[in-house]
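Notebook open. I go through the strands, then the side-chain pairs, then the surface.

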Amino acid sequence: MTPLVLGNTFIDRITGFKGVAVGHVEYLTGCNQTLLVPPVDAEGKLRGGEWFDDQRLQVSEAAPVHLDNGATPGHDALPPRNY
């Protein structure tokens, strides 16, 4: 498999699902997975992302997505709470 880089677009070889890699997790058991988020639908509505085993993914020719997180990286902020 092509080295996984967040922001690259990948295609699941089994289902054809295509999306930008926005998250990645590595498990002790070796079942590493990547969260792919597809573009909005024809009406501009968000579609849900899906997790896929890394070995199922093939990199797409689409241009990578780059975000500047220098000013607000998010790691120092607490998650929202509903209480």
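How many bridges join β1 to β5, and do they run parallel or antiparallel? I find 3 bridges between β1 and β5, and the two strands run antiparallel.

**Ground rules**

I note that this is a predicted model: local features need pLDDT of at least 70, side-chain atom pairs count only at pLDDT 80 or more, and totals for chains, interfaces and linings use all residues. Residues are numbered from 1 along each chain as its sequence is written, and side-chain values use heavy atoms, with hydrogens and water left out.

**Strands and sheet**

I looked up the secondary structure. The chain has 0 helices and 5 strands. Helices (H or I, at least four residues) and strands (E, at least two) are DSSP runs, numbered from the N terminus. Along the sequence I read β-β-β-β-β.

Next I took the sheet order. The sheet is open, has 5 strands and runs β4-β3-β2-β1-β5 with antiparallel pairing. Two strands pair if DSSP finds at least two bridges between them. Which strands stand at the edges? They are β4 and β5; each has a single partner strand, so one side of each lacks a neighbour in the sheet. From one strand to the next, the twist averages 50°. For that angle, axes are lines fitted to C-alpha atoms, for helices over the stretch in contact, and angles run from 0 to 180 degrees between N-to-C directions.

I then went through the bridges. β1 is joined to β2 (residues 18-25) by 3 bridges, antiparallel. Isoleucine 11 has lysine 18 as its bridge partner in β2. Threonine 9 has valine 20. The hairpin of β1 and β2 has 5 residues between the strands, and glycine 16 takes a positive phi there, near 85°.

β2 is joined to β3 (residues 33-37) by 5 bridges, again antiparallel. Valine 25 is partnered by glutamine 33 in β3. Alanine 21 stands opposite leucine 36 in β3. On the β5 side, aspartate 12 has leucine 57 as its bridge partner.

**Salt bridges**

How many salt bridges does the structure hold? I count 2. The criterion is a side-chain nitrogen of Lys or Arg within 4 Å of a carboxyl oxygen of Asp or Glu.

Arginine 56 sits in the loop between β4 (50-53) and β5 (57-59), and aspartate 12 in β1 (residues 9-12), so the pair ties together parts 44 residues apart in sequence. Is aspartate 12 buried or exposed? Aspartate 12 is buried, at 1% relative accessible area. Arginine 56 is partly exposed, at 23%. The cut-offs are under 20% relative accessible area for buried, over 50% for exposed and partly exposed in between (1.4 Å probe, protein chains only).

Lysine 45 and glutamate 43 form a salt bridge too, with the closest N and O atoms 3.5 Å apart. Glutamate 43 is exposed, at 62% relative accessibility.

**Aromatic pair**

I searched the whole structure and found 1 aromatic pair. It is phenylalanine 17 with phenylalanine 52, tilted, at 5.2 Å centre to centre and 40° between the planes. Rings of Phe, Tyr and Trp (its six-membered ring) pair if their centres lie within 6.5 Å; planes under 30 degrees apart count as stacked, over 60 as edge-to-face and the rest as tilted.

Why does this pair tie together parts 35 residues apart in sequence? Phenylalanine 17 lies in the loop between β1 and β2, while phenylalanine 52 lies in β4. Phenylalanine 52 is buried, at 8% relative accessible area. Phenylalanine 17 is partly exposed, at 21% relative accessibility.

**Whole-chain totals**

Buried residues make up 20% of the 83 residues. The chain exposes about 6400 Å², and carbon and sulfur atoms supply 55% of that. Areas come from the Shrake-Rupley method with a 1.4 Å probe; for residues, only the protein chains shown count as cover.

Last, I checked the contacts, meaning heavy atoms within 4.5 Å. Among contacts between residues at least 6 apart in sequence, 36% join residues at least 24 apart.
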